Every structure is written in C-alpha cells, then in structure tokens.
Amino acid sequence: MKLDHVGIAVESIDAVLGFYEWSLGLVVSHREDVAAQGVRVAFLKDPADSGAPIELLEPLGGEGAVAKFLKSRGAGMHHLAFKAADISKEMKRLEAAGRPPLDRAPRLGARGHAVCFLHPKHAGGVLVELVGSGDDS
Ligand code: CMX
C-alpha cells in the first residue's frame, strides 16, 4: 500500500503552522473538524502536490485519542496512513491473519474517506491508519 499521509499530534495547529508553511514551503490543502474522532485537522501538501501530505491533529477537547496521546506522550508523530483500494477487503485479510483492526467496520474519517486503525503493537510501536478510496463506510 502507498503512503497516504503522516499524522502529527499537536497542542495547537496555529502554533506550528508557520513552521510547515514558511520553513518547509508547504501549503494548507484542507481543514476540518472530525467530531467523531475528537480532532481538528489541517492537511499540508507541497505546492506541486507530489508527495504524501502531513496531517496536523489538534484535540477538540479533553476527550479522545489525540488528547490522551498528548497527555501521555506529548506532541509528535501520531500515525502513518496508507491508501487501501478496498478497505473492507483489507480489514478482513488482516483479521484472518490474526491482526484485527481496532475498528470492526470502516468508519468515516477526514476528507470523507472511510478509515480504520491498526494497533501500534503490530507495527513496531506506530499507529497505522488505512484510508479507503471514498466514503465506503
Ligand atoms: N502511536 C503509538 N503508540 C500509541 C499511540 C499512537 N498513536 N497511542 C497510544 N499509544 C500507546 C501508548 O503510549 C501506550 O503504550 P504503553 O502501554 O507502552 O505505555 C499504549 O499505546 C496504550 O495507550 P493508552 O493511552 O492507554 O491508549 P489506549 O490503549 O486507550 O488507545 C489506541 C490506544 C491506539 C488503541 C487508540 O488511541 C485508538 O484506538 N486510536 C485510533 C483512533 C485515533 O487515533 N483517532 C485519532 C486520529 C483521527 C484522524 O486521523 O482523523
């Protein structure tokens, strides 16, 4: 599977945006509040849109996976996301291989994509997200 994006947990998107925009030359391509995940997100891409974007994730409140991550580990890389052409098929394949996704079924994530997460214990301590091609949740 190809890399879709890299997720970075931050206390405040606005506080770090300048580094990504002015120091690295990236541009914001999408902003969204994903209430179901308890996060506000901003996607940044290079101007030629030639590589995988960065997703900055800021907690919407004190609850949720990103708020918990920031409390226990501090800001930093939160997940790697990979494109899955058929997310339901990949989820079944992983379950059959003894590495069931954290979600029983795909759910709606940022940018209208169906997503699921794989526990960090399967990937050397890194949370992995699979991103479907559309809203096939
Ligand atoms: N990457 C690596 N390790 C992580 C992690 C992450 N993102 N989040 C938690 N962990 C680790 C913790 O450090 C802890 O490790 P130790 O046992 O060695 O101390 C362990 O996992 C358990 O941590 P926890 O704080 O008790 O967290 P939970 O077990 O309650 O939940 C997880 C962890 C990954 C199952 C949960 O965060 C989850 O289901 N995540 C998927 C959903 C998500 O992250 N949504 C936000 C992103 C939304 C988006 O991209 O739009």
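Ala, Val, Leu, Ile, Met, Phe, Trp, Tyr, Cys and Pro count here as nonpolar, Asp, Glu, Lys and Arg as charged, and the others, Gly among them, as polar. By that scheme, the lining of the largest pocket in this predicted model divides into 17 nonpolar, nine polar and six charged residues.

The space in the largest pocket comes to about 600 Å³. It is lined by 32 residues, of which A65, H78, H79, F117 and L127 are the closest to the pocket centre. Two or more lining residues come from each of β3 (39-45), β4, α2 (65-73), β5, β7 (114-118) and β8 (127-131). Helix α2 gives the largest share, six residues.

The second largest pocket has a volume of about 190 Å³. Its lining consists of 13 residues, and L94, L118, H122, A123 and V128 are the closest to its centre. At least two lining residues each are supplied by β5, α3 (87-96) and β8. The composition of this lining is nine nonpolar, two polar and two charged residues.

The strand pairing can be followed from β1, which spans residues 3-9. Six of the seven residues in β1 are buried, so the strand is mostly covered, buried being under 20% relative accessible area. Strand β1 pairs with β5 (residues 76-83) in the antiparallel sense, over six bridges. With β4 (residues 54-59), β1 runs parallel, and four bridges join the two. Residue I8 stands opposite M77 in β5 and also opposite L56 in β4. Both of these partner strands, β4 and β5, are among the elements that give two or more residues to the lining of the largest pocket.

Conventions. Residues numbered from 1 in each chain as written. Predicted model: local features only at pLDDT ≥ 70, side-chain atom pairs only at ≥ 80, totals over all residues. Heavy atoms only, no water. Buried < 20%, exposed > 50% of the residue type's maximum accessible area, 1.4 Å probe, protein only. Pairing = 2+ DSSP bridges. 1 Å grid on protein atoms, 1.4 Å probe; cavity = no way out; pocket = protein on both sides within 12 Å on 5 of 7 lines; lining within 4 Å. Points joined across faces, edges and corners; volume = space filled by probe spheres on them.
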